[in-house]
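Here's a quick tour for anyone opening this structure for the first time. Have a look at the sequence and the 3D view, then read on.

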Amino acid sequence: MNATSDIAVVVDGVHKVFGGGGADDVTALAGIDLAVAPGEFVSLIGPSGCGKSTLLRLIGDLLEPTAGTVTVFAKPAHQARLDQDYGMVFQHPGLFDWRSVAANIELPLELHDWSKADRSARSAAMLELVRLEEFGGHYPRQLSGGMQQRVSIARALSFEPRLLLMDEPFGALDEMTREHMQGELLRIWRETETTVVFVTHSIPEATFLSNRVVVLSPRPGRISSVVEVDLGDRTDDTREDPEFFRVATEVREALRAVEAGE
Amino acid sequence: MANKRMLRTAVTMAVAVVVLVALWEGYKWVGDQTGGTWPGTTVDLPVTSNDITMPHVGDIAGELFDDIRAGRQTMPMTLYLAKKAAVTFLEATIGFTLGVVVGMGLAVLMLRWRFAERGLLPWINVSQTVPLIALAPIVVTWARLQGYPDMFGIALISTYLTFFPVAVSGLRGLQSPDVDHVELMRSYAAPWWATLVKLRLPAARAYLFPAFKLAATLSVVGAIVGEISIGTKTGLGRAILDFAQRYAVWPERLYASVIAASALGLFVFGLVNGAEWLVMRRSRQVAG
Ligand SMILES: Nc1ncnc2c1ncn2[C@@H]1O[C@H](COP(=O)(O)OP(=O)(O)OP(=O)(O)O)[C@@H](O)[C@H]1O
Ligand SMILES: [Mg+2]
């Protein structure tokens, strides 16, 4: 057992520069250090273009850092991806139009060589989890945006990934659907005990969902502050809890400081 | 719903035929009235309207049902042409199938290796500028030297035309998935071939079927040109060649064979359309 084995994600001194060394290079991230504990829910928040998606994609091994290392479950991120430790949800549901809802959820299971019976049993269970039991045989275009996003969450969770990476998954939803989805996500997170790194623009969302909110500053992206959130088990009343407002205000002020360039 | 659309297609086609016939006969009538000039002028019509250049539609149709002597037998022209067309159809089918295999193979190759795309795509484009008439004897002679039947040589010529749209559209289709979808597959650590089979090929279908339709029609053209340029003893190309030589005395027959060629083209087009309908049925069900 080494020191990092009980930490889910370790981002160590990561820099990311886009471009080939010319004048128009963009330094997206500079000197990022971040550790996420197993079962923790961490949100990344910050102004547009500060590198939230880039950081998430670095953790998921969809990008390689220019300098520094990303370690996931005590392995290099690349190995974690090959070990299929990741479930990813992007801003767009990204379902395959030609597959039924159930078949979309089963896609990662097919790739992981599950048997047909196991696949259908699991997709049925996942549909229940996201409350879309009757829609397994439907096609993505027959569903609303919010329903599609729930399918994409079910798809990401279907093989019980150890790490869930979500990039503004509720960005396109209206406020009520969004709050409903947040509740569902927390319920699923508690039931599956997975680790979540979650990118968002929304202060209430970050506050409501997270154990910790990481505030990033732009150009180049750095971690400017980390807000601990201790709201206990979330319910609908949590959103009206004075403590909720206190934490949200703290996040807001951290963001203001970042925008003001302090 | 499908029936309604088929009915609409049938009606549209019937109307198109009627309009064409009316234009043809109307043009002939005007020509007859004016002695071959635009009405009220002395300017010649672009095409002379006499019965040799433009036989009456009725005569062409009648020719289709007249008997023709083929060797020792006599049979209606329709049957005669249908038999010839069956040979051409077989050649075109082999040519089409090979063309799809070659075209898809090239598309996958170019998808897999960028340098293959850079190296191959220009040549694939150049290939279509080589005149078929020049290429046909070379291919057929080569095939004969290898001991292959002429039918195979002809099919190869047809392949030469069909692989092109398949390769070009196939590559575009295989490259069509969103970055999001490709990254999703990457996040599952899906191997290259799994991404091909589960994402790129299904996404390419919308690009491939239009290419297949074009390729199907081209496969008939290729087969006929192949037949003509090597002078086979059978096939629609043979019929066209024979009737063309006696065009001055019996123009209706050449027109009848041209109609048979078009009908064969429509038939293969329809086959691909049907295949598309079967394959795309589910995604279309929900498109509306
Ligand atoms: N593939 C790329 N090539 C070049 N530059 C990139 C690339 N991806 C991101 N960038 C740059 O890196 C910076 C951070 O981008 P990123 O997408 O991570 O921001 P973000 O915080 O997710 O923004 P948003 O909140 O708008 O989604 C931006 O300046 C962007 O222009
Ligand atoms: Mg982003």
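A polar contact here is a pair of N or O atoms within 3.5 Å; within protein, one of the two must be able to donate a hydrogen and the other to accept it, and residues adjacent in sequence count only if both atoms are side-chain atoms. With that in hand, an oxygen atom of ligand 1 sits 2.7 Å from an N or O atom in the side chain of A:S53. Keep in mind that this is a predicted model, where local features need pLDDT of at least 70, side-chain atom pairs count only at pLDDT 80 or more, and totals for chains, interfaces and linings use all residues. Residues are numbered from 1 along each chain as its sequence is written, chains are lettered from A and ligands numbered from 1 in the order in which they are written, and side-chain values use heavy atoms, with hydrogens and water left out.

**Around ligand 1**

- Two further contacts go to oxygen atoms of the ligand: a backbone N or O atom of A:G49 lies 2.8 Å from an oxygen atom of ligand 1, and a polar side-chain atom of A:T54 lies 2.5 Å from one.
- On its own, ligand 1 has 620 Å² of accessible area, and the protein covers 62% of that (areas come from the Shrake-Rupley method with a 1.4 Å probe; for residues, only the protein chains shown count as cover).
- The residues around the ligand (those with a heavy atom within 4 Å of it) include A:F18, A:V26, A:K52, A:E168 and A:H201.
- Helices (H or I, at least four residues) and strands (E, at least two) are DSSP runs, numbered from the N terminus.
- By class, the shell has 4 nonpolar, 6 polar and 2 charged residues. Ala, Val, Leu, Ile, Met, Phe, Trp, Tyr, Cys and Pro count as nonpolar, Asp, Glu, Lys and Arg as charged, and the others, Gly among them, as polar.

**The largest pocket, in chain B**

- A pocket is an open set of points on a 1 Å grid over the protein atoms alone, with protein on both sides within 12 Å along at least five of seven lines; a cavity is a set where a 1.4 Å probe fits but cannot get out, and lining residues have an atom within 4 Å of a point.
- The largest pocket holds about 540 Å³ of space (points are joined across faces, edges and corners, and the volume is the space filled by probe spheres set on them).
- Its lining has 13 residues, and B:V17, B:L20, B:V21, B:V57 and B:I259 are the closest to the centre.
- In chain B, α1 (2-34), α2 (57-65) and α10 (251-285) each supply at least two lining residues, with the largest share, 6 residues, from α10(B).
- That lining is made of 12 nonpolar residues, 1 polar and no charged ones.

**The cavity, in chain A**

- Searching the whole structure turns up 1 cavity of 30 Å³ or more, and the largest cavity holds about 30 Å³ of space.
- Its lining is A:V130, A:R150, A:I153, A:M181, A:E184, A:L185 and A:I188, of which 5 are nonpolar and 2 charged.
- The largest share of that lining, 4 residues, comes from α6(A).

- Most residues other than glycine have a negative phi, and most peptide bonds are trans.
- A:R219 and A:P220, though, are joined by a cis peptide bond with omega of about -10 degrees; A:P220 lies in the loop between β9 (212-217) and β10 (222-228).
- A:F73 isn't a glycine, yet has a positive phi of about 50 degrees.
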